[in-house]
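Hi,

Here's the structure I promised to pass on. Have a look at it first, and my notes on what turned up follow below.

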Amino acid sequence: MKMKMFLAAAALLALLLSSSHAQDTGTKCKTTAQADLVLLVDGSWSIGRINFKTIRNFIARIVSVFDISPDRVQIGLAQYSGDPKTEWQLNAHSTKASLLDAIATLPYKGGTTMTGMALNFILQNNFKTSAGMRENSRKIGILITDGKSQDEIVFTSQSLRENGIELYAVGVNNADEDELRAIASDPDDIHMYNVNDFKFLVDIVDEITVNLCNSIKGPVPLSAVKNMNVYDETSTTMKVRWGAAEGATGYMMLYRAINATEPQLEQEVRVGGEVTDVQLVQLTPSTAYSISLYALHGDALEGTGVTCAASPSGAPNPQSGPP
Ligand SMILES: *[C@@H]1O[C@H](CO)[C@@H](O)[C@H](O)[C@H]1NC(C)=O
């Protein structure tokens with residue numbers, strides 16, 4: 001009896017070991033980069049239960065390629081039809097096994113197709129540090145849909161891309177290709193897929209996973225400053241404030257009088273990443289200033305250079321001139 005139990009336990013252990021081994025070899029996208037992927041899945045009635053199962057398999061195939069863990073790739077999922085719903089957040093599943101379990105039991109929602117609302121929903125609810133999104137990760141959204149959206153998608157998808165989210169769009173069956181192009185990041189041949197039937201999803205799995213892997217390995221796009229505004233002008237000062245750029249380590253502001261009577265040099269102010277406003281002082285009254293603001297990512301590389309002594313004749317050193 002005891003022996004039988006032991007054998008059963010050993011068999012179970014062997015099974016566990018082999019399944020975790022199979023999982024490791026399934027990881028095809030080998031990278032130490034961090035990425036936060038949110039899948040946005042159309043669960044409208046037009047899909048149908050059988051096809052929804054095909055979508056689950058498609059997602060499982062994509063997921064199995066990545067190294068799922070809190071310090072590598074995290075994957076969240078939202079499902080939408082009329083109203084969008086978070087199925088799980090980025091930080092909900094810390095292993096591939098638990099993520100694959102969740103995908104296998106993903107319920108089918110049913111309803112209409114409000115893609116615009118759903119895109120906005122993932123920006124507001126899933127790409128959030130409170131949901132486990134990491135500041136410096138690569139951020140990627142993947143839309144899977146079978147129909148034409150019944151609401152606005154152009155501006156909504158643009159606002160996701162402006163927030164540093166790279167968008168992939170996968171269309172099946174009746175999806176509107178123009179709409180998929182409008183949603184997907186450029187270039188479209190990497191980010192947009194459209195197949196005529198659910199059964200063809202399997203044909204694009206390899207291509208999409210290779211492209212996703214390249215996106216994850218690529219550099220994190222640096223975010224720029226948004227919404228600069230100038231206020232509280234006096235005769236010799238003005239204040240400037242701006243919206244923080246994600247991940248910026250500092251800001252550099254260049255300003256120069258445009259129409260001063262005496263020509264003026266460009267001035268520079270640098271502040272740390274936590275600062276989002278400055279006051280410019282010692283300005284010339286009744287003068288327009290041009291202001292440029294740059295978000296800095298990482299420290300500047302510093303060095304020195306020393307010019308040579310002028311030659312006795314006063315002529316420039318021939319070696320330093322153009323050849
Ligand atoms: C410079 O331009 C600003 C705004 O256009 C104007 O108010 C100001 O009088 C100008 N100053 C001079 C010196 O021309």
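This is a predicted model: local features need pLDDT of at least 70, side-chain atom pairs count only at pLDDT 80 or more; totals for chains, interfaces and linings use all residues.

Helix α4, residues 115-125, has these buried residues: Thr-115, Ala-118, Leu-119, Asn-120 and Ile-122.

Next, a helix pair. α2 (residues 49-64) and α3 (residues 96-104) pack at an angle of about 170 degrees, and their axes are 9 Å apart. Angles over 145 degrees count as roughly antiparallel, so that's what α2 and α3 are to each other. On the α2 side the contact involves Arg-56, Ile-59, Ala-60, Val-63 and Ser-64, which meet Lys-96, Leu-99, Leu-100, Ile-103 and Ala-104 of α3. Sorted by class, that contact has seven nonpolar, one polar and two charged residues.

Then there's an open sheet of three strands, in the order β10-β9-β12, with antiparallel pairing. β10 (267-272) and β12 (289-296) are at the edges with a single partner strand each, so one side of each has no neighbour in the sheet. On average, neighbouring strands here are turned by 20 degrees against each other, ignoring direction. β9 (residues 250-257) is joined to β12 by eight bridges, and Tyr-251 sits opposite Ala-295 in β12.

Cheers

Key. Residues are numbered from 1 along each chain as its sequence is written. Two strands pair if DSSP finds at least two bridges between them. Helices (H or I, at least four residues) and strands (E, at least two) are DSSP runs, numbered from the N terminus. Axes are lines fitted to C-alpha atoms, for helices over the stretch in contact, and angles run from 0 to 180 degrees between N-to-C directions. A residue is buried if 20 or more other C-beta atoms lie within 10 Å of its own, exposed if 12 or fewer, and partly exposed in between; C-beta atoms are placed from the backbone. Angles under 35 degrees count as roughly parallel, over 145 as roughly antiparallel, 65 to 115 as roughly perpendicular and the rest as oblique. Two residues are in contact if their C-beta atoms, placed from the backbone, lie within 7 Å. Ala, Val, Leu, Ile, Met, Phe, Trp, Tyr, Cys and Pro count as nonpolar, Asp, Glu, Lys and Arg as charged, and the others, Gly among them, as polar.
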